[in-house]
Amino acid sequence: MTMGKDDQGQRWQSAARSYRAALARLVRGEGRHADHAGRVVKITPTSVAREAGRSRNPLYTSHRDILDEIEAAAGPGTPARDLAARIATLETELTHLRADARRHAEERRELASENLTLLHRARSAEDRLTALLRRMPEASTAGAIMQPR
């Protein structure tokens, strides 16, 4: 049984639709293939063919126009490329923020320690002052020095 021209034309059109639909999904960042789902995928003939569930050879032999579309989509300014750049920027920013958070936590611990040291010194000074005032009865009766709180 031989294939007629109509059958070949339909298969060609079906393949073209599959490749274009796959390309559109990848450009939107909505790949369905297990290797693409939930990931930013670099748009290449291989990734488009994988997403379409077809061989990449027909892209090179019969669908040169779709190769041009793939090349245009892989250029700068596509949503997938913009998304990948944005993700990279946000990951870098997140790394810096985490480092800042660790540094601030350490500074907070150091300040808390310093505050406790100062509080201890202040209470010790108050205790020494109270002890001195108890030894000096004339000072407390004259009211010259007030008792600490």
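Okay, let's start with a pair of side chains: Asp100 and Arg103 meet in a salt bridge, 3.0 Å from N to O. By salt bridge I mean a side-chain nitrogen of Lys or Arg within 4 Å of a carboxyl oxygen of Asp or Glu. Both partners sit in helix H5, three residues apart, so about one helical turn separates them.

Before I go on, a word on what we're looking at. This is a predicted model, where local features need pLDDT of at least 70 and side-chain atom pairs count only at pLDDT 80 or more, while totals for chains, interfaces and linings use all residues. Residues are numbered from 1 along each chain as its sequence is written, and side-chain values use heavy atoms, leaving out hydrogens and water.

So, the overall layout. The chain has six helices and zero strands, which reads along the sequence as α-α-α-α-α-α. Helices here are DSSP runs of H or I with at least four residues, strands are runs of E with at least two, and the numbering goes from the N terminus. There are 149 residues in the chain, and 20% of them are buried. Now take the contacts between residues at least 6 apart in sequence: 48% of those join residues at least 24 apart. Contact means heavy atoms within 4.5 Å.

What about the surface? The chain exposes about 11,300 Å², and carbon and sulfur atoms supply 53% of that. These areas come from the Shrake-Rupley method with a 1.4 Å probe, and for residues only the protein chains shown count as cover.

Back to charges. How many salt bridges are there by this rule? The count comes to eight. One of them joins Arg20 and Glu69, at 2.9 Å from N to O. Arg20 lies in helix H1 and Glu69 in helix H4, so this pair ties together parts that are 49 residues apart in sequence. Arg20 is partly exposed, with a relative accessible area of 31%, and Glu69 is partly exposed as well, at 29%. Asp65 joins in here too: Arg20, Asp65 and Glu69 are linked in a network of salt bridges.

Another pair is Glu30 with Arg28, also listed at 2.9 Å, N to O. Glu30 is partly exposed at 43%, and Arg28 is partly exposed at 47%.

Is Arg25 buried or exposed? With 11% relative accessibility, Arg25 counts as buried. Leaving aside residues up to four places away in sequence, Arg25 touches Glu30, Gly31, Arg32 and Glu51.

Now the inside. The largest nonpolar core has 17 residues, and the members touching the most others are Tyr19, Leu23, Ile43, Val48, Leu59, Ile66 and Ile70. A nonpolar core is a set of buried Ala, Val, Leu, Ile, Met, Phe, Trp, Tyr and Cys residues joined through side-chain atoms within 4.5 Å. Two or more residues come from each of helix H1 (5-28), helix H2 (45-52) and helix H4 (64-74). H1 gives the largest share, seven residues. As for Ile66, it touches Ala16, Tyr19, Arg20 and Leu59, again not counting residues up to four places away in sequence.

Six of its eight residues are buried, so H2 is largely enclosed by the rest of the structure. Those six are Pro45, Ser47, Val48, Ala49, Glu51 and Ala52. Just after H2, Gly53 takes a positive phi of about 75°.

Last stop, a surface patch. Val40, Leu83 and Ile87 form a nonpolar patch with about 210 Å² of accessible area together. Patches are made of residues with over 30% relative accessible area and no salt bridge, joining like charges within 9 Å and nonpolar side chains (Val, Leu, Ile, Met, Phe, Trp, Tyr) within 5 Å. Leu83 sits in helix H5, residues 79-135, and is partly exposed at 41% relative accessibility.

Terms used. Buried means under 20% relative accessible area, exposed over 50%, partly exposed in between (1.4 Å probe, protein chains only).
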